[in-house]
Amino acid sequence: MQRKPYLTVVSLTLSLAAVLVGAFLLRDRQYYLVSGVILLLACLPFAALFRKRRGKVRELVIVSVMAAIAVASRAAFYMLPTVKPLCAIAIITGLYLGEETGFMVGVLSMFLSNFLFGQGAWTPYQIFGMGFAVFVADVILRAGRFQSRRLVCAVVGALCCFAIYGLCADSCAVFAMAPDLSWKSVSAVLLTGLPFNASHAAVTGVVLFLTEKPIGEKLERMCVKYQLFQKGESE
Amino acid sequence: MRSAFAGSHPALNFLFFASVVAFGMVFFHPVFLGISFAAAFAYGVRLRGRRMLKTVFCLLLPTLLFVVLLGAAFNHYGVTTLFVLPNGNRVTLESIVHSLVTGGMVLTVFLWFVCYNAVVTTDKFLHVFGRAFPTGALLVSMTLRFLPIMRRRMQRIFEAQRGIGRGEGGRLRNGLHALSILVTWSLEGAVDTADSMKSRGYGIRGRTNYTRFFWTRRDAALSVLVLLGDALVIAGIVCGQTRAIYDPYICLPARTAFSYALYIGYALLCFMPLLLDLTEDYKWNRSR
């Protein structure tokens, strides 16, 4: 997949415009609306990357299957309601099929699970947080060639899930609930989300540790067998 | 509950919710907030009946109380001291009102999203965005279709596992094992699905989508009304009518004839779906 630098520029410019409009036109402190708009804009370059891939039906269907598995994976642990392996599955997918694919699976599955549990003002924060956490984890792991070193994968995945997804998802609560953006009130809101984020990250780490190998092998086999998600080719 | 607004064109539904949610997130002014809250609450009750009342009183009002307590405990600006806490911090009227307004804003947006989820179903969402992002819309609808399939496969995997005596003990391991089986099964199927799509002509130019939504004259008229309402409110924002300051003292813009016109326009905008529903109900009952 070729990266499209001009789209990044466009989305950065639009984000800047959103900040300026928020700062000057609306005058009051509009973190809530402006940040939501920026997060949606941040997904733009990735969405455009995928538009180019229309012809590759097999890859599209595999992305959609992995996203469906990520959402449905909760059902595998119907006896353990706190286990939500969505983030882990998106990370594994990205690990073997490329970080852009991982981003897409994370975003898509988060978006759809929001369809099931109700959309809200938190949707852009959760979507972007998930996509970005998966993307960063995959960039780190792929750059270091850490595939199949499952302990490293588990630790990096859990940290990204905790720090990036936790922060993004909670910043919605911060903008909504904190009366002002002083350090005290922000940390108060973030602290209330801490236990939840920690448990989510721990689950992500454990699931990554245990399934990285079996699921990864299957994804890799698919790539080799059908020549999918090959590097270096555009279009 | 059948709603005439929910039966109108998805683009109109989207335009309306985009307007009220954006305005709902922006206004700190108590009058605008109150109007929006009342409209979202009333329409939510109309759409979801008793469940809405339950959501509001059991979940949302306690949350609001929590936010107000948090605000009063952490913020000590303002000139009107109500009382002094044992550790010497002041609890002020301004900080309480400000937290109430902030919390009310979140509550209002939440209520609008409750209405949104009842009105804008997945097929409507795909109808609005499918043309602009065909690949994205395909991905979303395909994944939605895969969800029930995955759930059914998962059940069959569990049944088979139980049949060969692997069901008991080590629950996490069982779940992960089932997940791994599901991946194997579905990835092979995905390639078949893709080949089948291609051989049936996916991606050929000039194909159209089936739609069951039609743009009527009423949709056009209502969209124009919503846009006019948006324009009026934006004019109000530019004129500073929607500003509200809570620090150091509560200061609202002076009320003029324009502000009252603005209040009425905003109320008409927010109550539009409910008014439409009630008019349709009235017509229906009279024609019976």
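Predicted model: local features only at pLDDT ≥ 70, side-chain atom pairs only at ≥ 80, totals over all residues.
Residues are numbered from 1 along each chain as its sequence is written, while chains are lettered from A and ligands numbered from 1 in the order in which they are written.

Start by colouring both chains by pLDDT, the predictor's confidence in each residue, from 0 to 100. Chain A averages 79, with 76% of the residues scoring at least 70, and chain B averages 86, with 98% of the residues at 70 or above. Within chain A, confidence is lowest in helix α1 (residues 5-25), at a mean of 65, and highest in helix α5 (residues 86-97), at 92; helices (H or I, at least four residues) and strands (E, at least two) are DSSP runs, numbered from the N terminus. For the model, ipTM is 0.80 and pTM is 0.76.

Next, select the contact between the chains, where two residues are in contact if their C-beta atoms, placed from the backbone, lie within 7 Å. Chain A gives 51 residues to this contact and chain B gives 56. On the side of chain A that touches chain B, α4(A) provides the largest share, 13 residues.

Now show α4 (residues 57-72) of chain A together with α7 (residues 171-199) of chain B, which pack at an angle of about 145° with their axes 8 Å apart; the axes are lines fitted to C-alpha atoms, for helices over the stretch in contact, and angles run from 0 to 180 degrees between N-to-C directions. Among the residues that meet here are Val61(A), Ile62(A) and Val65(A) in α4(A), and Leu187(B), Ala190(B) and Val191(B) in α7(B).

Thr81(B) has Thr92(B) as its bridge partner in β2(B). Five residues lie between the strands, and Gly88(B) in this hairpin takes a positive phi near 95°.

Finally, colour chain B by domain, with domain 1 covering 10-125 + 219-287 and domain 2 covering 134-198; the bounds come from an automatic or database domain assignment. The centres of these two domains, taken over C-alpha atoms, are separated by 43 Å.

Technical notes. Pairing = 2+ DSSP bridges.
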